[in-house]
Amino acid sequence: MWTATVPFADLVRRRKTRVELGGRAVALFLVGERVFALDDECVHKGRSLSRGTLWQGQVVCPGHQWKFDPETGAAEDRDDCQPVHDVRVVDGVVYVAVRPRS
Ligand code: FES
């Protein structure tokens, strides 16, 4: 189910934000022209990815600086994977479809 979150213009200005969708915290990042959505709670030790940074197109967790591919959620040099969600932008609004927990 697609849920409207924030105006795309907000992400252009802030590059990242955190939203709550059905009780689940989701971090949104703007990388280039694309928006990506990942679980906000880091798969490592639960720090908030939306408090992290973007570096060379990767999401860097503020906890222990693990780097995640924003599209796949794959952690660099590790087997761990951060859950990701589907995103689309329609009429200037960012919509997210949260994937079920696996
Ligand atoms: S909590 Fe994210 S890297 Fe450790």
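First, the ground rules. The model is predicted, local features need pLDDT of at least 70, side-chain atom pairs count only at pLDDT 80 or more, and totals for chains, interfaces and linings use all residues. Residues are numbered from 1 along each chain as its sequence is written, and side-chain values use heavy atoms, with hydrogens and water left out.

I start with the overall picture. The protein chain holds 1 helix and 9 strands. Helices (H or I, at least four residues) and strands (E, at least two) are DSSP runs, numbered from the N terminus. In sequence order the pattern reads β-α-β-β-β-β-β-β-β-β. The radius of gyration is 12 Å, close to the 13 Å from the globule rule for 102 residues, so the chain is as compact as a globular protein of that length. That radius is taken over C-alpha atoms, and the rule is 2.2 Å times the number of residues to the power 0.38. Along the principal axes, the C-alpha trace spans about 35 × 30 × 20 Å.

Next, burial and surface. Buried means under 20% relative accessible area, exposed over 50%, and partly exposed in between (1.4 Å probe, protein chains only). By that cut-off, 38% of the 102 residues are buried. The accessible surface comes to about 6,000 Å², and 46% of that belongs to carbon and sulfur atoms. Areas come from the Shrake-Rupley method with a 1.4 Å probe; for residues, only the protein chains shown count as cover. A contact is heavy atoms within 4.5 Å. Among contacts with a separation of 6 or more, 42% are between residues 24 or more positions apart.

On charges, Lys and Arg count as positive and Asp and Glu as negative, while His and the chain ends are not counted. Each charge is placed at NZ of Lys, CZ of Arg, CG of Asp or CD of Glu. The mean positions of the 15 positive and 14 negative charges are 5 Å apart.

Two strands pair if DSSP finds at least two bridges between them. β2 and β3 run antiparallel and are joined by 6 bridges. Lys 16 stands opposite Phe 29 in β3, and Val 19 has Val 26 as its bridge partner there.

The β2 and β3 hairpin has 2 residues between the strands, and Gly 22 takes a positive phi near 60°. Gly 23 lies in that loop, between β2 (16–21) and β3 (24–31), and is exposed at 68% relative accessibility. β3 then pairs with β4, again antiparallel, over 6 bridges, with Leu 30 opposite Val 35. That hairpin also has 2 residues between the strands, and Gly 32 in the turn has a positive phi of about 65°.

There is also an open sheet of 3 strands, antiparallel, in the order β5-β6-β7. β5 (53–55) and β7 (67–68) stand at the edges with a single partner strand each, so one side of each is left without a neighbour in the sheet. β5 is joined to β6 (residues 58–60) by 3 bridges, and Trp 55 stands opposite Gln 58.

Finally, some loop residues. Most residues other than glycine have a negative phi. Gln 65, in the loop between β6 and β7, has a positive phi near 65° and is partly exposed at 45% relative accessibility. Asp 77, in the loop between β7 and β8 (84–90), has a positive phi of about 65° and is exposed at 75%.

Leaving out residues up to four places away in sequence, Gln 82 touches residues including Leu 38, Cys 42, Leu 49, Phe 68 and Thr 72.

Last, Lys 45 sits in the loop between β4 (34–39) and β5 and is exposed, with a relative accessible area of 61%. Lys 45 and His 64 are 19 residues apart in sequence and 8.7 Å apart in space, C-alpha to C-alpha.
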